[in-house]
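The tour below goes through aromatic rings and the charges placed over them.

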Amino acid sequence: MVATLQDLFGIDAPIVLGPFGGLSSIELAAAVSDAGGLGSYGLYGYAADRISDTIAALRSATSRPFAVNLWLPTGDEITPGEVDLAPAIAAVAPLFDELGLAHPTPPIEFLPDLDSQLTAVLDAAPAALSVVFGVPSERLVSAAHSRGIRLIGTATTVAEAVALDAAGVDAIVATGAEAGGHRVSFLRPAEQSLVGTFALVPQVVDAVDVPVIAAGGIADRRGVAAALALGASGVQVGSAFLGTRQSAATEAHRQAIAGAADTGTVLTRAMSGRLARGIPNRAMREIETTGVILPFPAQNWLTGQFRAEAGRRGDGDLVSLWAGQAAALSTSDDAAEVFAELAAGLGG
């Protein structure tokens, strides 16, 4: 018999906050955990010390279980020494100039060392570690379980889910093509892994022996009820929570989510070099028009140099407006109200 998410994570309701890499907030993660769900925090790009500090801050903010998230390497990541940044910097120079920013110089590295990140998480021992873009190693699975940490894998296809199940993860997020943010495919190109939630979830449920968490296109009680009817043990929700005032999204981003139509999102590599779903804005369109998009993580580093300043200024035209296709279904800007609406779909 498949364990319940409640028993697995020590939570009251099988509702998981989507872990936003770069857009997570202590306040939102704690709010979801305090409401009885599993709050999550994305640690993409965080060095070990910052990971330790963040998990300590989460523990101070909530006494309930929470998850943190890391990106696994797919093997195609490039280093600063492997790419000529000059053409891409020149292509987006007008965006830097508009913000009055100096054109960036190549960094020593694009991303922190994964081993140091994992060590920091393992030492801090949160209730759960979720991973995207791959299968955790046998060593990581063993180390996490020895510390009482549950592991959550993320799949965009049935084959990915089967690989995660075989590796020993405790639960699997089946994320449909409707979901906002990055498409976290790892066995086949993301463009070849765009399975919708309604098709993906029941097939994953039939193929694995661990609880399945449905994600993508779920923003209200109807989506939750549908996910459970498909055999999911719970749901992971991103855009509906990202649109709340407790998230780290800018006001411009939250307004864009609130105003997004069903056809208001697109898939693009412009902002990070990897395929992701978001709301089109000027930065996305101008980068796509140049045709100069670096591989990941170089492109993500490059756009991050102007996105950070644009975010501080509240400029929605020059940031990543990640959102899913059902974003407009959530009509509240308060995390507690969003959680209550989702919980209403759980039934008795």
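Select Tyr 44, Trp 71, Phe 133 and Phe 296: together these residues make up one aromatic cluster. The model is predicted. Across the whole structure, a search returns 7 aromatic pairs.

Start with Tyr 44 and Phe 296. Their rings form a tilted pair, with 6.3 Å centre to centre and 45° between the planes. Colour by element to see where they come from: Tyr 44 is in the loop between strand E2 (39–42) and helix H3 (48–61), while Phe 296 is in the loop between helix H13 (282–290) and helix H14 (298–313), so this contact ties together parts 252 residues apart in sequence.

Trp 71 belongs to strand E3 (residues 66–71) and Phe 296 to the loop between H13 and H14, so the pair links distant parts of the chain, 225 residues apart. Trp 71 has 18% relative accessibility and counts as buried, because the cut-off for that label is under 20%.

The charged end of Arg 274 sits over the Phe 133 ring, 4.3 Å from its centre.

Last, select Tyr 46 and Arg 50. Here the charged end of Arg 50 sits over the ring of Tyr 46, with 3.6 Å to the ring centre.

Technical notes. Residues numbered from 1 in each chain as written. Predicted model: local features only at pLDDT ≥ 70, side-chain atom pairs only at ≥ 80, totals over all residues. Heavy atoms only, no water. Phe/Tyr/Trp six-rings, centres within 6.5 Å; stacked < 30°, edge-to-face > 60°. Helix = DSSP H or I, 4+ residues; strand = E, 2+ residues; numbered from the N terminus. Buried < 20%, exposed > 50% of the residue type's maximum accessible area, 1.4 Å probe, protein only. Lys NZ or Arg CZ within 6 Å of the ring centre and 35° of its normal.
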